[in-house]
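Student: I've got a structure open and I'd like to talk it through. Can you take me around it?

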Amino acid sequence: MRRVSTITVAGISTAALAFTLSACGSSSTESSGGSGKGVGLAFDVGGRDDHSFNESAARGVDKAKKDMGIDNKMMTAKNGETEADREQRLTSLADAGYNPVIGVGFNYAKSIEKVAKDYPKTTFGIVDSVVPGNNVDSITFGEHEGSYLAGVAAALKSKNHKVGFIGGVNNALIQKFQAGFEQGVKDTDSSVQVTSQYLYPNNDKGFNDPAAAKDKAKGMLDSGIDVIYTAAGLSGNGSIEAVAGQKGAWAIGVDSDQYQQPGLEQYKNSILTSVVKNVDVAVYDLIKSVKDGKPLTGEHKYLLKDDGVSLATSGGFIDDIKDKIEAAKKKIVDGQITVRTSP
Amino acid sequence: MKKIDKNRLILGLAAPVLAIVAALAITSIIIGVTGKDPFHAYQVMVEFGSKADSQVWIINKATPYYLSALAVAVGFRMNLFNIGVDGQYRIAAFFAAVVGGALTLPGIIEIPVIIIVAMAVGALWAGIAGLLKTSRGVNEVISTIMLNAIGASVIGYFLQDGRLAKKEGNLIHTPYLPDSAHFFEIPTQTKPIYGFVVIAALAGVAYWFLLNRTRFGFDLRTVGQSETAAQASGVSVKRMVVTSMLISGALAGLVGMPTLLGVSYNYGTDFPTGIGFTGIAIALLGRNNPVGMALAALLWGFLERTGTQLEFEGYAQEIVGVIQGVIVLCVVIAYELVRRYGLKAQQRKVGEELAAQARKSDKAEVSA
C-alpha cells in the first residue's frame, strides 16, 4: 500500500510537470522592449539607501525625474544571488518597457550581456564593468585615482603614522581602491604604515555587513591606526560608526559624499573626506542620452580629469592640506603619476 | 490491517494540507497588514509562474536546491546535522573547476572527472567533521559551520589573480572549462533546461534506494532513531557517522555542478552562495522524502521566480522571504501536531482493543 502510494505520487507529479511544460506555450517575455516607461535600475546588494554606491546611482535617477519627468523602477539584489536571479531582474525590467535598464555594480556584467541580446531595442547600462554589445553603455570610474588622493589626505592627517584600508570583498574592483590608497600614502610620506584588510575573501555579503566592518575597524583602532578608509558599500557605515567612537580618529568615506548623508549625520564630524564616485552623473548622462534619442553605448571612463571621481571637501576638515591634494591631483591629471590599479 | 493503512494515508495527507492552508492564511494576513490585496498577489504569482519560461527557470533553479536538500537529508535521517553543505559544495565546485579548467579531454571522460573530483572534495570536507565527531566528540553543527568559514577562506586564498584564477574585468575566476565539459541541455520552446536535472533525479532515486532498500539504509535509520539500540544490535555508530558524512558531502559536491557545467563554466567571485542553507529548509519542508523534497525545491523556485513579479505590482520585495519562512514553520508545526494526534489516536485504539479483550475474558469467566 505504502509503496504504491509513493509511486502514484511520483507518477502524478511527474505527469503534472510534463503536462504544464508542454501545455503552456505562452512565454512571459513576448514583447521586445524599447517602449519608454522610464528608467529601470537594478541595484546590487545593499539597496538604494546604502549611503554610498547605490545611493549615488539613485541620485542620478532622481535628478532625471526632477529635470525631465522620467519615471523609474528600482529593484534590489539579495545576498547570495545566482546568475539566474540577476537575469530575471533585468529581463523583467526590460520586458516591462523600462529603457534604459541599468545594472548598478559589476555583478551584473554577465547578465547584462545576455539580456541585452534579447532586447536589442532597449539600451542597457552597466556600472563598474565593461560589457560588449551594441546597446550597452559600460560605465567605469577611476577609483584608483580618487583613492590616491584619499591616501595623500590620510598620510597628512594621521598622528600615529598608521593608516588602514578596509575593503568589502577582495576582488579586482576593490583592489583598485586599495592600490590607489596605498600608493597615495607611500608617495606622500613613506614612513606611514598602511594596513589593508578585507571583510570577506569572495562573498558579496561584504558590501552588506556593517557589523563585520565595525569589528574590523575597532581592531584597527586598537592597534593605533587613526585614519581608516573603507570601500565596502553599505558595510562602510559600520566602520564609520566605530571610528566616530574614538576621539581623534578619522574615517574616509566612499562613493557618495558621506559627510552629507542624513543617515550618517551623527558621525559626520569624524568623516574626514570621501572618495566620491560620480555614478549619478554617469547615470544621468545615460538617461538623458536615451531620452534625446541618441543612446550612449560603448565604454565610458569617468576619471579624475573628467571629474568622474573626486575628493569631497564638506566639513572643511581637509582645507588645511588643500594645496597638497591639488598638487597631487594635477600630477595625476597631467600624467606625471600613474596610479596602479592592483596592489 | 488495511484500515490502519487508510488512516495512515489520511494522516500523511493531513499534515501538508494543514501546513499549506495555515501558511496561506498567515501570509494573507501579513500581506493584508501591509495594505495590499493578498488574493491579487496569488493570482499574479500563479499566472506568472505558469508561463513556459517561468517553468524552465523554476526547474533550473530547483535542481541545485534539490541536490542540496538530499545532502542535508542523508544526515537528518540519522540525526546528524550537516550544516556545512554550503561550504562543502563551494569548495567542491572550486576544485572541480580548477581540475576541469586544467584538463582538455573528450567530454565523456572530462565531465565524469569533474563530477568525481567535486564529489571527492565534498566528501573529504564533510569527512573532517565526521572524524572530529567520532574521534574527539566535536559536535558536527559546530565543526561544519567552522568548516564553512575555513572553506570560504581557502577559496578566497586561491581565487586570486596569479594563484589558481585569472582576472576578467572586475571578476576573478578559474580558467574556463573546455567546450567538451559543457553538460547537455534539454531544449524547450523557450530557454533550455539544464541536463543536470537528470542527474538530480537519479540522485533522488539512489537516495530512496539506499535508505529504504539496503542494509546500510536500515542501519542509518536505526542510528537516527536510537543510537543505543543500534549499538546494542551490533551497528558501529562511529562508522555510520563517518560514512554518512562522506555520503552527505559527496552529494553536496554535486550541488555546484549544474552551475559549473551548465552556466558559468568556471568558479568565480560571482559563484552562487547559500544554496547549502536553502537545502536545509527544503529538506525540512520535504520531510526528507525524495519526492517531497523535489516538490519543495520546485515550490522554492516558484516563490523566487514570482517574487520579482510581485515587486512590479507594488508588493514589498521581502514578502517572498516571509512566505518561505512561514511555510517551513507551518510544515514543521503541522507535522508535529499530526504526529501527536496520530500517536494519541493509536493509543486510544489500542486501549479500546485491550478493554474489549478484557471485557470479553470477564464475560467468559462469568459464564464459566
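Predicted model: local features only at pLDDT ≥ 70, side-chain atom pairs only at ≥ 80, totals over all residues.

**A walk through the two chains**

Student: Is H3(A) mostly enclosed or mostly open?
Tutor: A residue counts as buried if 20 or more other C-beta atoms lie within 10 Å of its own. The buried residues of H3(A) include A:Ala84, A:Arg86, A:Leu90 and A:Leu93. Twelve of the 13 residues are buried, so the helix is largely enclosed.

Student: Which residue with a positive phi follows H3(A)?
Tutor: Look just past the end of the helix. The phi there is near 100°, and the residue is A:Gly97.

Student: How many residues of strand E5 (residues 136-141) of chain A are buried?
Tutor: In a regular strand the side chains alternate between the two faces of the sheet. In E5(A), A:Val136, A:Ser138 and A:Thr140 point one way, while A:Asp137, A:Ile139 and A:Phe141 point the other way, and all are buried. So E5(A) is largely enclosed by the rest of the structure, and the count is six of the six.

Student: Which residue of E11(A) stands opposite A:Ser138?
Tutor: E5(A) has a parallel partner in strand E4 (residues 124-127) of chain A, through four bridges, and A:Ile126 stands opposite A:Ser138 there. E5(A) also pairs in the parallel sense with strand E11 (residues 298-302) of chain A, over five bridges. In E11(A), the residue opposite A:Ser138 is A:Glu299.

Student: There's another sheet in chain A, in the order E7-E6-E8-E9-E10-E12. What is the average twist from one strand to the next?
Tutor: This one is an open sheet of six strands with mixed pairing. Strand E7 (193-200) and strand E12 (309-311) of chain A each have a single partner strand, so they stand at the edges. From one strand to the next, the twist averages 15°.

Student: Which residue of E7(A) stands opposite A:Ile166?
Tutor: Strand E6 (residues 162-169) of chain A runs parallel to E7(A), and seven bridges join them. Helix H6 (residues 172-188) of chain A lies across E6, E7 and strand E8 (227-231), at about 170° to E6(A). The residue opposite A:Ile166 is A:Gln197.

Student: Which helix gives the most to the side of domain 1 of chain A that touches domain 2 of chain A?
Tutor: The domain assignment gives domain 1 (39-141 + 283-287) and domain 2 (143-276 + 313-334). Their centres are 27 Å apart, taken over C-alpha atoms, and the contact takes 15 residues from domain 1 and 17 residues from domain 2. With three residues, the element that gives the most on the domain 1 side is helix H2 (residues 53-68) of chain A.

Student: And which element gives the most to the side of chain A that touches chain B?
Tutor: Here 38 residues of chain A are in contact with 40 residues of chain B. The chain A side divides into 14 nonpolar, 21 polar and three charged residues. Elements giving two or more residues are helix H1 (2-23), E2, H3 and H6 of chain A. With seven residues, the one that gives the most is H1(A).

Student: Last one: what share of the residues in chain B is buried?
Tutor: Chain B comes to 14 helices and four strands, and its C-alpha atoms fill a box of roughly 95 × 55 × 35 Å along the principal axes. Of its 368 residues, the buried share is 47%.

How values were computed. Residues numbered from 1 in each chain as written. Chains lettered and ligands numbered in written order. Domains from an automatic or database assignment. Contact = placed C-beta atoms within 7 Å. Pairing = 2+ DSSP bridges. Axes fitted to C-alpha atoms, helices over the stretch in contact; angles between N-to-C directions. Nonpolar A, V, L, I, M, F, W, Y, C, P; charged D, E, K, R; others polar.
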